[in-house]
Amino acid sequence: MDIKDKLQAIVDGNDSAYQIQQFTGVSSSIIIRLRNHLRSIDNLSLKTAERLSEYYDYRMVSMEKMAFGQKQLPHFRHRLINRLQQLYEVQQRKAESSSMSDETALTVVIEQLFNDVLSDKVELGRLDKVYQAQLNDNKKPTKLS
C-alpha cells in the first residue's frame, strides 16, 4: 500500500479528527478539510504525510486485525452509527457556516463522542438494552380512550 492509499484510508476512516490530532500532532482542521474535500492529499507537506502514514501503520492496521474475523455488526450498532453520523454532519455544517468557536468545539466533541461510544463495548451493551426496551414499549398496544 503506498502512502497516498494510507492517507486516503485515514481520511475515509472512522477515527475522529481530534483523535488523529492527539496521536500525530496534525491539526484536526486539516483532517476535516481533507474529509470535506476542501483540501487535497496531494497538497500535504511531507512532514504531515509522514505523520499520517505512521498513524495508519500504528492505528489502522491494528484496527483491521481486530476487526478481522468479527461477525457482522448488529442492527443496533448500525442504527447508532447512522444517527451519530447524521448528528455530526448537521453540526459540522453549522460549524462551517458559523465563525463561532463554540460550533467548532461542539463538532469536535460530537466527533469524539462518536468514536468513544463505538469503541466501548460495555456502553454499546447498555445502549442496546435501552434501544431494545424502547422497541418493546413501542410494540405494546396502546389503550384508546
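Visitor: How many aromatic pairs does the structure hold?

Guide: The structure, a predicted model, holds two aromatic pairs. Rings of Phe, Tyr and Trp (its six-membered ring) pair if their centres lie within 6.5 Å; planes under 30 degrees apart count as stacked, over 60 as edge-to-face and the rest as tilted. The ring centres of Phe-23 and Tyr-58 are 4.7 Å apart and their planes lie at 15 degrees, so this pair is stacked. The pair links distant parts of the chain, since Phe-23 belongs to helix 2 and Tyr-58 to helix 4 (residues 46-67), 35 residues apart. Ring pairs join Phe-23, Tyr-55 and Tyr-58 into a cluster.

Visitor: What conventions apply to the model and its numbering?

Guide: Residues are numbered from 1 along each chain as its sequence is written. Local features need pLDDT of at least 70, side-chain atom pairs count only at pLDDT 80 or more, totals for chains, interfaces and linings use all residues, and side-chain values use heavy atoms, with hydrogens and water left out.

Visitor: Is Tyr-58 buried or exposed?

Guide: Buried means under 20% relative accessible area, exposed over 50%, and partly exposed in between (1.4 Å probe, protein chains only). Tyr-58 is exposed, at 53%, while Phe-23 counts as partly exposed, at 43%.

Visitor: Which residues of helix 1 are buried?

Guide: Helices are DSSP runs of H or I, at least four residues, numbered from the N terminus. An α-helix has 3.6 residues a turn, so residues three or four places apart point the same way. In helix 1, the buried residues are Lys-6, Leu-7, Ile-10 and Val-11. Viewed down the axis, they fall within an arc of 140 degrees, so they line one face of helix 1. The arc is that of the directions from the helix axis to the C-beta atoms.

Visitor: Which residues of helix 2 are buried?

Guide: In helix 2 (residues 17-24), Ala-17, Gln-19, Ile-20 and Thr-24 are buried. Their arc around the axis is only 160 degrees, which puts them on the same side of helix 2. Just after helix 2, Gly-25 has a positive phi of about 85 degrees.

Visitor: Which element gives the most to the lining of the second largest pocket?

Guide: Helix 5 gives the most, with five residues. The lining comprises 15 residues, among which Gly-13, Arg-35, Gln-85, Tyr-88 and Glu-111 lie nearest the centre of the pocket. On a 1 Å grid over the protein atoms alone, a pocket is an open set of points where a 1.4 Å probe fits, with protein on both sides within 12 Å along at least five of seven lines; lining residues have an atom within 4 Å of a point.

Key. Helices (H or I, at least four residues) and strands (E, at least two) are DSSP runs, numbered from the N terminus.
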